[in-house]
Amino acid sequence: MRYGNWEVDKERHRERVGRLRNNGGTSRPLYEHSTSPLIEAIRTETHRAHQTRGSRSRAHKELPNSRGEDHQRVGYDAETNRLNGVTLLFTEPSDASMPDVRWRLCAFQGGEVLNEPSLYIHRQTCYIFGRERKVAHIPTDHPSCSDQHAVIQYRLVEKEQPDGLLKKQVSPYIMDLGSTNGTFINGKRIEPQRYYELMEKDTIKFGNSSREYVMFQLINKVRHHHTNSDKVF
């Protein structure tokens with residue numbers, strides 16, 4: 001069973017691109033020049049990550065998430081769309097694909113970086129957020145969060161390049177799964193059952209929780225063969 005509008009939120013993407021072009025053609029987010037404590041913390045964390053990227057082993061740096069990705073399909077029944085006995089509120093789209101960029105989420109609260117490991121979210125095609133630990137890859141335990149709150153989905157979509165040509169590339173998208181208290185990107189609540197593209201340094205918040213997650217990407221890319229067999233569900 002599928003829920004909601006599975007089309008790419010091109011309007012949000014065009015608006016963002018237009019604002020970037022009006023900012024002198026730079027590809028950097030407009031708020032990179034901000035002096036807010038949160039953005040300063042982001043700059044510090046990004047600089048630290050790039051400095052230590054070559055000096056720490058991958059095994060030490062990429063701590064596993066709450067559920068082992070090596071067993072991502074265990075307990076899933078494709079016929080009923082149930083995982084560990086729980087019916088999922090979405091199915092992966094046909095353009096689901098493994099990311100070729102090492103994306104991670106860094107947790108902040110009150111403008112300060114939390115003293116906990118970053119969440120590396122490049123090992124599978126989607127990640128579910130929510131309170132139901134039978135299905136959530138990344139649990140969100142705040143009481144205002146729903147059991148299946150939102151999902152980050154990687155999709156292989158056509159993107160317009162600076163030269164005007166279209167090229168397929170894998171990008172992260174987020175969709176609110178009809179949660180009670182909403183999902184927020186950069187402080188703005190998004191519509192449920194609709195994919196929104198995520199970009200580096202976007203801030204994600206779930207429900208009324210004060211915890212925020214910021215999207216980062218590491219420089220080195222992941223090599224994958226993009227096939228439907230890579231899909232989690």
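Two residues are taken to be in contact when heavy atoms of one lie within 4.5 Å of heavy atoms of the other. By this criterion, in the predicted model, Ile 204 touches Leu 105, Ile 152, Ile 174, Thr 183, Phe 184, Leu 198, Arg 211, Glu 212, Tyr 213 and Met 215, where residues up to four places away in sequence are not counted. Ile 204 is also among the residues with the most contacts inside the largest nonpolar core, which has 24 residues, and Leu 105, Ile 121, Ile 152, Ile 174, Phe 206 and Met 215 are listed with it. The elements that contribute two or more residues to this core are the strands S4, S7, S9, S10, S14 and S15, and the largest share, four residues, comes from S4. A second, separate core of 14 residues includes Tyr 76, Leu 83, Val 157 and Tyr 173. In soluble globular proteins, nonpolar side chains tend to be buried together.

Strand S9 is mostly covered, with eight of its 11 residues buried. It pairs with S7 in the antiparallel sense over four bridges, and Phe 129 has Ala 150 of S9 as its bridge partner.

Considered as a whole, the protein has three helices and 15 strands, and 48% of its 233 residues count as buried. Among contacts between residues at least 6 apart in sequence, 61% join residues at least 24 apart.

Note on methods. Residues are numbered from 1 along each chain as its sequence is written. This is a predicted model: local features need pLDDT of at least 70, side-chain atom pairs count only at pLDDT 80 or more; totals for chains, interfaces and linings use all residues. Side-chain values use heavy atoms; hydrogens and water are left out. A nonpolar core is a set of buried Ala, Val, Leu, Ile, Met, Phe, Trp, Tyr and Cys residues joined through side-chain atoms within 4.5 Å. Buried means under 20% relative accessible area, exposed over 50%, partly exposed in between (1.4 Å probe, protein chains only). Two strands pair if DSSP finds at least two bridges between them.
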